[in-house]
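This briefing concerns the packing of one protein chain. Please view the sequence and the model shown here before reading the points that follow.

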Amino acid sequence: MRALVGRFVPEAGSFRARHVELEGQPTWTLVQLRAMWAGQFRGNTDRLVGTLLRRDWQLLAATEWPTAVVEEGRDRWRYVSGVGRAEHGAESGPVIAGSIGNGRPFGGECWAYLWEHQLGALHVYAAYGGEWHHLATLPPGVWADLTTRIVVDVEARWCWLARKEAAA
C-alpha cells in the first residue's frame, strides 16, 4: 500500500509530502521511520523530514545497502543508506502539496505520515473511501519510545475503519 511522508501544518490542514510506493502500512513504515530518526538522523526530526522531501521513494528502509545491491540497481534506483531506495532525481515528481481536511486522497487507499513542525508530533492518516481519516498523533515522547503495541494499534484502527465502511 502506498504512503505519503512529509510535513503537516495542522492550523491550515495542509501538508507537503512525497510518495512512498511500497510497504506504506504502519507495521513497516512506522518502524522504519523510527529507526531512521534514532539512527541516521540522531533524533533530528527536521533533518529526517528534509531528507524525505528531497525525492519520491520506492521503499523506506533504515539499512545500509550492500554494495552488490547498489551496483546491480544503480541504473534504476538511488540507494540512500539509512533511509531507503529512491527514484532517481529526474524521475521524482514535485513535492505534493495538499489538504487533509477537505482534500481528496490520491488514487485509493494509502497512508500519510506527517510531522508537525512546532510540536514535533507525528500525525498518521489513512485514506479510505475517498477521504482522509486521522488515526493517531504520536507526540515526541511517544515517538521516542515507540512500541510494537502502538504500531499494531495504529494499523488496527485502519482495519476497524475498513470494517465500519464495509458495514455502511
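Rings of Phe, Tyr and Trp (for Trp, the six-membered ring) are paired if their centres lie within 6.5 Å, with planes under 30 degrees apart counted as stacked, over 60 as edge-to-face and the rest as tilted. By this criterion Trp37, Trp115 and Trp143 form one aromatic cluster. The model is predicted: local features need pLDDT of at least 70, side-chain atom pairs count only at pLDDT 80 or more, and totals for chains, interfaces and linings use all residues. Residues are numbered from 1 along each chain as its sequence is written, and side-chain values use heavy atoms, with hydrogens and water left out.

**Aromatic pairs and a charge over a ring**

- The whole structure contains seven aromatic pairs.
- One of them joins Phe8 and Tyr125 in an edge-to-face arrangement, 5.7 Å centre to centre with 65 degrees between the planes.
- Because Phe8 lies in strand β1 and Tyr125 in strand β8, this pair ties together parts that are 117 residues apart in sequence; helices (H or I, at least four residues) and strands (E, at least two) are DSSP runs, numbered from the N terminus.
- Phe8 and Tyr125 are both buried, where buried means under 20% relative accessible area, exposed over 50% and partly exposed in between (1.4 Å probe, protein chains only).
- Trp65 and Tyr79 also form an edge-to-face pair, at 4.9 Å centre to centre and 65 degrees between the planes.
- That pair links Trp65, in the loop between β3 and α3 (67–73), with Tyr79 in strand β4 (residues 78–80), 14 residues apart.
- Both Trp65 and Tyr79 are buried.
- The charged end of Arg85 sits over the ring of Trp77, 5.0 Å from its centre; the criterion requires NZ of Lys or CZ of Arg within 6 Å of the ring centre and within 35 degrees of the ring normal.

**Nonpolar cores**

- A nonpolar core is a set of buried Ala, Val, Leu, Ile, Met, Phe, Trp, Tyr and Cys residues joined through side-chain atoms within 4.5 Å.
- The largest such core has 34 residues, of which Leu30, Leu33, Leu52, Trp111, Tyr113 and Trp143 touch the most other members.
- Elements that each supply at least two residues of this core include β1 (2–9), α1 (26–38), α2 (45–52), β7 (110–116) and α5 (148–167).
- The largest share of this core, five residues, comes from α5.
- Another core, of eleven residues, lies apart from it and has Ala17, Cys110, Ala112 and Ala127 among its members.

- In α2, the buried residues are Thr45, Leu48, Val49, Thr51 and Leu52.
- Viewed down the axis of α2, these buried residues fall within an arc of 160 degrees, so they line one face of the helix; the arc is that of the directions from the helix axis to the C-beta atoms.
- The buried residues of α2 pack against β1, β2 (14–20), α1, β3 and β7, with contact meaning heavy atoms within 4.5 Å.
- Val151 lies in helix α5 and is buried, with a relative accessible area of 5%.
- Not counting residues up to four places away in sequence, Val151 touches Pro26, Thr27, Leu30, Val31 and Leu146.

**Cysteines**

- Zero disulfides are found in the whole structure, a disulfide being a pair of cysteine sulfur atoms within 2.5 Å.
- Cys110 is in no disulfide, and the nearest cysteine sulfur, that of Cys159, is 16 Å away.
- Cys110 is buried at 0% relative accessibility, whereas Cys159 is partly exposed, with a relative accessible area of 34%.
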